[in-house]
Amino acid sequence: MMKKLSKLATLLFAATFLFGSAFAFVSCSDDDEGGTGATPETPGTPETPGTPETPEVTTVDAVWTFQGVALGEGTMAGLTSGSKIKSDVELAATSGTGATLTALSESTFKEDSGSNNRGLKTDASKKFSAIADVTFGVNGIGSSDASKGAIKGALKLVLSADATVVLKGLVSGSADTRYLLLASADEQILKIVPETKGDTAEQTIEQELAAGTYCIGLDGFILASVECK
């Protein structure tokens with residue numbers, strides 16, 4: 001009987017030891033996975049949102065004044081009197097921004113006679129007997145072919161936003177037809193000054209235009225200013 005009890009106690013002790021070891025093993029595994037030994041990650045500092053971009057507002061208020069300015073100086077720097085220009089010349093604005101004005105190659109500009117200095121001047125092609133017959137083509141500046149446009153000078157105006165464009169100038173009193181015109185980029189005439197034969201009064205073209213590219217043509221005309229507003 002005592003042997004049986006002794007053997008039973010031995011078996012009970014062994015079972016208790018095995019059960020305790022298994023429990024200890026499970027406890028270690030739990031500690032490894034989520035115990036106090038693992039340091040939780042510190043959340044990163046959230047990025048400060050940037051200042052939202054302010055929408056760019058384009059203001060067109062560029063002005064070119066040619067009256068009282070000599071060729072080769074100031075607003076008309078890069079232009080030589082009486083010579084056909086070989087490449088485009090961008091003209092510096094007298095004031096303001098939002099538009100560019102470029103004298104196109106093959107144009108011929110000249111000084112206003114005497115000490116008048118009334119503006120940017122061209123000779124007359126004398127190709128047209130009436131303004132109604134005028135054609136315009138940038139590629140035909142100074143051409144003897146009327147179908148290509150026989151103007152003496154042209155300017156390219158580029159507007160970065162919608163604007164009202166005002167062109168002012170006059171003729172020198174000749175009996176020949178003189179003209180100033182405003183055309184679209186595809187060379188369609190939008191507006192032309194009224195009859196100018198012998199008229200020395202100021203002539204004006206005023207036109208509301210969308211952002212884009214336009215051409216100004218002058219023939220036997222003195223352009224005093226280009227204003228965008």
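User: Why is Gln-188 called partly exposed?

Analyst: Gln-188 has a relative accessibility of 49%, and partly exposed is the class between buried, under 20% relative accessible area, and exposed, over 50% (1.4 Å probe, protein chains only); Gln-188 therefore counts as partly exposed. The model is a predicted one, in which local features need pLDDT of at least 70 and side-chain atom pairs count only at pLDDT 80 or more, while totals for chains, interfaces and linings use all residues. Residues are numbered from 1 along each chain as its sequence is written, and side-chain values use heavy atoms, with hydrogens and water left out.

User: Where is Gln-188 found, and which residues does it touch, not counting those up to four places away in sequence?

Analyst: Gln-188 is in the loop between S7 and S8, where strands are DSSP runs (E, at least two residues) numbered from the N terminus. With contact taken as heavy atoms within 4.5 Å, Gln-188 touches Leu-182 and Ala-183 once residues up to four places away in sequence are set aside.

User: Why does Arg-178 count as buried?

Analyst: The relative accessibility of Arg-178 is 9%, so this residue counts as buried. Arg-178 belongs to the loop between strand S6 (163-170) and S7, and a polar atom of its side chain lies 3.3 Å from the backbone oxygen of Gly-220. A polar contact is a pair of N or O atoms within 3.5 Å, and within protein one must be able to donate a hydrogen and the other to accept it, while residues adjacent in sequence count only if both atoms are side-chain atoms.

User: How do you know that strands S7 and S10 pair?

Analyst: Two strands pair if DSSP finds at least two bridges between them, and strand S7 (residues 179-184) is joined to strand S10 (residues 212-219) in the antiparallel sense over six bridges. Within this pairing, Ser-184 stands opposite Tyr-214 in S10.

User: What makes S2 and S8 the edges of the sheet?

Analyst: The open sheet has six strands in the order S2-S3-S5-S10-S7-S8, with antiparallel pairing. Strand S2 (89-91) and strand S8 (189-192) each have a single partner strand, so one side of each is left without a neighbour in the sheet.

User: Why is strand S5 described as largely enclosed?

Analyst: Five of the seven residues of strand S5 (residues 153-159) are buried, so the rest of the structure largely encloses this strand. Strand S3 (residues 99-103) is joined to S5 by five bridges, with Leu-101 and Leu-157 as bridge partners, and S5 pairs with S10 over seven bridges.

How values were computed. Helices (H or I, at least four residues) and strands (E, at least two) are DSSP runs, numbered from the N terminus.
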